[in-house]
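Let's take a look at how some strands line up with each other in this chain. Have the sequence and the 3D view ready, and follow along piece by piece.

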Amino acid sequence: MPPHPHRPPELAWQVFRGSDVVRRGLLTRHQLRGASWVRLRQDVYADARLDRDHTLACRAALLRLPPEAVIAGPSAAYLHGVEHAAGFEDAVHVVLPAAVRADSQPGVRVHHAPSAPERNGLLVAAAGSAGSRFRPGSAAIGSRGTALTADAPGPADGEPGPLGRPPRRGPAECAWETAVWSDPLRAVAVIDTLLRRGLVSRAGLAALADRDAGRPGGRRARWVFGLADPGAQSPPESHLRVRLVLAGLPRPVARHPVRGPEGLVLHPDLAWPAFRVAVEYDGQWHGDLDQLHRDRRRLDQLVGAGWLVLYVTGRRLHREFPALVREIRAALVTRGWRP
């Protein structure tokens with residue numbers, strides 16, 4: 001049997017600087033190269049049992065940045081629960097005060113706050129102690145917002161410690177940053193999710209756009225906010241809606257309620273109520289007979305209510321979009337739309 005992995009309790013489920021733990025005698029450089037640990041960045045290691053997600057990438061990035069660094073933009077959106085906002089391999093976005101200098105690194109995008117700290121958005125402190133901030137540049141080696149010392153026992157080996165998250169921008173400010181820093185399709189999908197989950201509101205985003213209209217990117221943020229819709233149920237639906245608008249079609253409504261002939265209220269993915277045209281998005285083909293029956297019944301109900309329904313698959317969205325636009329345009333024209 002292979003030997004039991006050597007993990008000091010202080011390092012179990014943690015992210016840490018390799019040079020720190022070697023200096024403190026917790027590990028040797030040879031042990032750092034073992035299967036118990038994974039190297040994330042230069043001199044940054046983690047317990048190999050941790051999930052390879054964007055939270056892990058954020059913790060690794062903070063350990064090599066000034067203590068004032070705050071996770072921002074799409075990275076902050078991920079930490080607020082928008083899982084499609086960023087992945088493990090995506091760059092980590094951070095904001096620093098204007099007076100604190102640090103350069104971007106491979107896999108880390110450093111932005112500087114344009115104004116005084118009180119204008120930097122709603123900072124969400126890391127979990128751990130009330131009112132405290134996780135300071136990556138301090139003596140802490142823990143990745144979950146808890147300072148660990150050589151004399152303080154960590155969690156029992158085999159189970160994670162208390163979950164904490166790095167300091168991050170509030171939902172409204174990270175929505176603004178995502179709108180300015182990211183591709184519009186991806187940005188709208190992130191903001192749709194923030195709206196759907198109630199983390200931001202349209203009124204709140206409009207107020208933010210008004211307040212920061214003079215900031216670089218202010219016009220872009222207002223435009224992206226205007227494209228957002230809390231009714232979208234998935235990123236592909238958001239992408240489809242925005243691409244149709246950018247292609248010159250009138251803006252559809254997400255999840256518009258339609259009462260069918262049997263009294264059933266349906267919510268097509270996208271709808272143009274004035275023309276009774278709807279689009280349903282199928283991310284994958286449904287081979288299940290029960291699901292096929294439900295889809296057919298849904299289609300019959302919409303058609304029975306006088307609607308023209310078009311189905312869009314992921315393949316068509318990505319590979320046949322021009323033809324798709326022509327078909328939807330033709331359907332709208334037959335129902336009275338005049339380009």
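This is a predicted model: local features need pLDDT of at least 70, side-chain atom pairs count only at pLDDT 80 or more; totals for chains, interfaces and linings use all residues.

Start with strand 2, which covers residues 37–41 and pairs with strand 3 in the antiparallel sense, over four bridges. To see how they line up, find Arg39: it sits across from Tyr45 in strand 3.

Strand 3 (residues 44–47) has another partner to look at, strand 1 (residues 15–17). Strands 1 and 3 run antiparallel and are joined by three bridges. Here, Arg17 is the residue facing Val44 of strand 3.

In what order do the four strands of the open sheet come? The order is 9-12-13-14, and the pairing is mixed. At the edges you'll find strand 9 (253–254) and strand 14 (308–313), each of which pairs on one side only.

Zoom in on strand 13, residues 277–282: it pairs with strand 14 in the parallel sense, and six bridges link the two. Within this pair, Asp282 lies opposite Thr313 of strand 14.

## A helix on the sheet

Which helix packs on this sheet? That's helix 12, made of residues 321–334, and it touches strand 12 (270–272), strand 13 and strand 14. Compare directions, and helix 12 makes an angle of about 170° with strand 14.

Notes
Residues are numbered from 1 along each chain as its sequence is written. Side-chain values use heavy atoms; hydrogens and water are left out. Two strands pair if DSSP finds at least two bridges between them. Contact means heavy atoms within 4.5 Å. Axes are lines fitted to C-alpha atoms, for helices over the stretch in contact, and angles run from 0 to 180 degrees between N-to-C directions.
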